[in-house]
Amino acid sequence: MAFVSLWLKSPSLAILAVGSVAFDTVETPFGRAERVLGGSASFFAVAASFFVPVNLVAVVGSDFPEEHLQAFRTRGIDLEGLERMDGKTFHWQGKYSYDLNARDTVCTDLNVFEFFKPKIPERYRRSEEVFLGNIDPVLQREVLDQVEKPRLVACDTMNFWIAGKPQELKRTLERVDVLLLNDAEARQLSGEWNVVKAARAIRALGPKTLVIKKGEHGVLMFGEEGSFAAPAFPLEEVFDPTGAGDSFAGGFVGYLASARERGEEVLRRAVIMGSTLASFCVEAFSLDRLLHLTRPEIDERFRLFRRLTLFEEL
Ligand code: AMP
């Protein structure tokens with residue numbers, strides 16, 4: 001037990017979440033959604049809001065509707081850090097083939113996101129949990145420079161930054177506790193094909209815990225206590241995988257923030273909670289399912305998850 005980082009804490013006030021708030025246009029084999037609410041910070045914040053309040057830092061344009069702001073507010077998401085700039089909101093368009101694990105980016109219109117410089121409001125600076133969504137690793141570090149030493153820094157990134165700013169990303173990772181990546185990104189970042197070797201190499205860069213997301217094949221977590229595998233929840237209806245990774249992160253970090261202690265068991269439950277939130281996200285386009293979700297539905301699916309993988313003492 002000595003090497004398990006277990007500590008007691010009072011529940012933190014709120015998670016600080018930084019990332020994109022976007023309009024998404026998404027095409028899947030089952031339909032199309034045009035300019036709907038998306039963005040890494042949106043999915044994260046709504047998923048995490050089921051556990052603790054969330055302070056959101058992002059930027060939107062003057063075309064961003066009040067209706068979306070209201071949706072965030074009703075989930076207890078604080079918007080003091082959501083900057084409104086003259087211009088258009090970030091727009092991302094993606095297309096999925098019949099294999100929903102593979103997607104092509106059709107276009108990325110950065111718009112106001114190109115000028116995003118995260119400014120952390122005074123009252124967010126003592127956040128104990130910080131989620132650095134997929135943005136420039138230099139900006140991710142600027143966020144960390146503006147907060148007092150948080151207890152947990154979780155970070156997401158993507159192939160664009162791994163290829164484009166590898167040294168900056170590595171400097172950021174030195175200050176990260178939990179890194180969330182998909183398997184292709186883990187291979188790209190480490191230069192190792194084998195995920196176990198990739199995990200060892202990435203953990204040596206800083207993050208004590210690495211979560212490798214594998215879409216419908218679930219997740220693998222590598223940490224101080226070895227590894228843990230969780231399947232994805234078997235669903236009959238999968239409409240749109242967009243945001244599944246960020247919803248996973250929201251469930252994972254949200255659960256950790258709400259737990260009174262930390263350690264291997266709590267981390268494992270957080271992985272299942274992340275997988276639970278991701279499973280709801282993919283059932284509808286945009287945030288449609290997450291915004292209508294209830295805590296009893298989450299708890300019921302978490303319970304079903306447990307049963308899914310139990311093979312002793314049934
Ligand atoms: P996920 O499916 O969890 O990887 O996240 C999808 C979300 O990421 C979409 O809602 C997009 O709006 C957002 N996104 C796509 N590309 C970028 C980018 N380059 N920077 C920030 N967010 C992005």
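The model is predicted, so local features need pLDDT of at least 70, side-chain atom pairs count only at pLDDT 80 or more, and totals for chains, interfaces and linings use all residues. Residues are numbered from 1 along each chain as its sequence is written, and side-chain values use heavy atoms, with hydrogens and water left out.

Me: Which residues come nearest to the ligand?
Reply: Being near here takes a heavy atom within 4 Å of the molecule. There are 17 residues around the ligand, and the nearest are Ser20, Asp24, Gly39, Gly243 and Asp246.

Me: How far from an oxygen atom of the ligand is the polar side-chain atom of aspartate 24?
Reply: Let's count a polar contact as a pair of N or O atoms within 3.5 Å; within protein, one must be able to donate a hydrogen and the other to accept it, and residues adjacent in sequence count only if both atoms are side-chain atoms. Serine 20 has a side-chain N or O atom 2.8 Å from a nitrogen atom of the ligand, and aspartate 246 has one 2.8 Å from a ligand oxygen. For aspartate 24, the distance to a ligand oxygen is 2.5 Å.

Me: How much of the ligand's accessible area does the protein cover?
Reply: Areas come from the Shrake-Rupley method with a 1.4 Å probe; for residues, only the protein chains shown count as cover. On its own, the ligand has 510 Å² of accessible area, and the protein's share of cover is 87%.

Me: Which element gives the most residues to the shell around the ligand?
Reply: Elements are DSSP runs numbered from the N terminus: helices (H or I, at least four residues) and strands (E, at least two). Both β2 (22-28) and α8 (244-258) supply at least two shell residues. The top contributor, with three residues, is α8.

Me: What is the phi of arginine 35?
Reply: Most residues other than glycine have a negative phi. Arginine 35 sits in strand β3 (residues 31-38), and this non-glycine has a positive phi of about 50°.

Me: Is asparagine 111 buried or exposed, or partly exposed?
Reply: Asparagine 111 lies in the loop between β8 (103-109) and β9 (129-132), and its phi is positive too, near 50°. Buried means under 20% relative accessible area, exposed over 50%, and partly exposed in between (1.4 Å probe, protein chains only). At 26%, asparagine 111 is partly exposed.
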